[in-house]
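Please study the structure shown below before reading on.

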Amino acid sequence: MSAATMTPAAARAASAAGSRPGKRRTGVVWSVVAWVVGVLFVLPALWMLLTSFHSEQAAATNPPSLAAPLTLQGYREFFGAGGGLSPWPPLLNSLTASVMSTLLVLALAIPAAYALSIKPVKKWSDVMFFFLSTKMLPAVAGLLPIYLIAENIHMLDNIWLLVILYTSMNLPIAVWMMRSFLAEVPVEMLEAASIDGAGLPTVLTRIVAPVAMPGIAATALISFIFSWNELLFARVLTGVVAGTSPVFLTGFVTSQGLFLAKVCAAAVCISLPVLIAGFAAQDKLVQGLSLGAVK
Amino acid sequence: MTTSSSPPSRRRRPLRFARPAALVAVAGLLLSGCAGAGGDELGGGSGGHTINVLMVNNPQMVDLQKLTAEHFTKETGIRVNFTMLPEDDVRDKISQDFSSQAGEYDVATISNYEIPFYARNHWLVPLNPLAAKTPGYDQADVLAPIRKALTASDGNLYAEPFYGESSFLMYRKDIFQAKGLKMPAHPTWQQVATLAAEADGAKPGMKGICLRGEPGWGQMIAPLTTVVNTFGGTWFTKDWKAEVNSPAFTKATEFYVNLLKKHGEAGAAESGFTECLNDFEQSKVAMWYDATSAAGSLDGAGSPVAGKVGYVPAPVEQTKNSGWLYSWAFAMQKASTHQADAWKFISWATSKGYLNLAGKELGWSRVPPGTRNSLYTNPAYIKASAAFAGATQQALNSATPDNPGVQPRPATGIQFVGIPEFAALGDRVSQNLSSAIAGQTSVPSALNESQKLAAAVAAHYR
């Protein structure tokens, strides 16, 4: 009876006062869990970073020596000091394959997603399933046919082959992601634009794009990361000219001699572009990932 | 009317997205141009005096790559584009390129394992006529067993060796002295097992011996097969009957696995060449049976065990010697369109002159060993590698790839069987045996399982 006579504000205050210690405890527990998980994720990367500054002998010791003297030898070898292979051509190849395929993915995925969410075509759910089904075939199963086709059309060791492959590999995921993001665009806004006489290009550029920009950024980053890290196809389909940085990285692993510090230095350098892209798109990414598909 | 009354900010709005998009597109186009430039920097591939070389990334090959531009390209004007990959990857890539005769690579490092079937499939250019026409190349200087191992059944030499190795037993002289142990000049495996038991625990955390236990035909199977050979076993009989669970093969494998379990390195089931090298350098094992090429690292500058290592021939039981024979050698793809330039590179990289160049520029301990007799009479090399040069040369010269055991064989090879199926067979058998080392199964059970695999391979050849 007394509760019924309370004002809503007073009820909220009483409820908050009553449960504050419990909530605080739960909050602390979740914070600790978040920190532990965070540290577990970051630890291997920190270990890689530390090892990259050790000498090969120190990097190979077991148990590992944390306090070994630091050196830049691993980085010098990665950058081809003393006549070694230069990392710049493979880095440029990776950048080309990743950026160009990401642009193509966005150019194709946004209109496709528009046709599947804002103005759904007939049997749009079947179309979505078809996109998803293309990811069900293990990539390695397509390797031999793709190799033979590439050989016949003289596209082996050509960076544009990777651009096409990465575009086709990332397109289904991008369409799925973009569809969920575009589904968040308020229908009222589209209707208002339509009443004002806006055509499709105007709607896409002035209504859809601003609202979906965080989603576009998230999709672009995912596509970029997948392309940048791809090894299987790059290893088989490239050689002298179009080798990408993951292929270059494996070149430091040898069955004779020590290589751990060199590989760690190379891995740090090759991870940097993805990290930079992630940090640059951080604010859009957080908005994007809290929207749509992964909400 | 509506449009004209829109606020200026609304009009500019599309530009906020168009501008970055345009920038990204331009950057992409620029990048694609740069990637082309990257390709040019690497050399393209089909240009005039340019050849493409695919190599395993062993330290000696890395040295070769570093010396090429400064010397070979400067002298000949031929640019060399190197692709260097780990051993397994390079085998896959070479097999892929050579079997399809895609001709992407003019030259590649292949081993004496591949020579018989690559030659039979006509994927390679015979090099003996080219060597004979090259003044000063001195083909006769190449170690006879290596030359023989790179010669196919048609009598042609299909690859020139860049690096050769056998196997021997390495042991810590200081530890043996401290424990009052004596290493025989030609040890048997039973003697080695006894010494391993006595040296076990000589220092805190030190085990008796390091042997490869990591799965892989090029890892565990290599030393194990030499043990099988000298215990009287074989993978196949002359008429292609699988012998993997025969008494001799089983006895040898049980000996190997038990020695590893009792006195072998920690984590033996995951230890290959690199892990054993680390263990030996860090005084975690007193003995190590492995490739002769390890000696350069153990007695090289900066090694904590330099000067403390003794070298004796591979232990035996029923044979006079049991060391393996392996060579990374340069072969030319038949589909190469730059064969003259490719031969110039091969003949330079495998010449006496290159050995001298590497010795002078990089130090004699980094010279690729095991290919030419003249290296073992070179005073500078002898001085730098006094501890192991003699033992290495002896091991290489005593290797008998045609007759490595006590019975006739259907294919050449000491630590392998020279057929294309052996790589996959060896990998699968080694996985079974690695489980036995880890204690998950017994040796007879692992070998019975492996026998079925070997029998299926043998059936193809009967």
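Two strands are said to pair if DSSP finds at least two bridges between them. With this in mind, one may turn to the model, which is predicted. In chain B, B:Tyr171 has B:Met287 in S7(B) as its bridge partner. Strand S5 (residues 167-172) of chain B pairs with S7(B) in the antiparallel sense, over five bridges. Strand S6 (residues 207-210) of chain B also pairs with S7(B), but in the parallel sense and over three bridges. Here B:Ile209 stands opposite B:Met287 in S7(B).

How many of the residues of strand S7 are buried? In strand S7 (residues 285-291) of chain B, seven of the seven residues are buried, so this strand is largely enclosed by the rest of the structure.

The view may now widen to the chain as a whole. Chain B contains 18 helices and nine strands. Of its 462 residues, 51% are buried. Among contacts in chain B between residues at least 6 apart in sequence, 74% join residues at least 24 apart.

In soluble globular proteins, nonpolar side chains tend to be buried together. The largest nonpolar core in this model has 135 residues. B:Ile209 and B:Met287 are among the residues with the most contacts inside this core, as are B:Val107, B:Tyr158, B:Met170 and B:Phe345. Helix H10 (residues 247-263) of chain B gives the most to this core, with eight residues.

Leaving aside its neighbours within four places in sequence, B:Phe345 is in contact with B:Ile51, B:Val53, B:Phe72, B:Ile78, B:Val80 and B:Val107. A second, separate core has 71 residues, including A:Ala59, A:Leu182, A:Val208 and A:Val236.

Among the buried residues of H10(B) are B:Phe249, B:Phe255, B:Tyr256, B:Leu259 and B:Leu260. The buried residues of H10(B) are covered by elements of chain B that include S6, helix H8 (189-199), helix H9 (221-230), helix H17 (422-437) and helix H18 (443-461).

Definitions and conventions. Residues numbered from 1 in each chain as written. Chains lettered and ligands numbered in written order. Predicted model: local features only at pLDDT ≥ 70, side-chain atom pairs only at ≥ 80, totals over all residues. Core = buried A, V, L, I, M, F, W, Y, C linked by C-beta atoms within 7 Å. Buried ≥ 20, exposed ≤ 12 C-beta atoms within 10 Å, placed from the backbone. Helix = DSSP H or I, 4+ residues; strand = E, 2+ residues; numbered from the N terminus. Contact = placed C-beta atoms within 7 Å.
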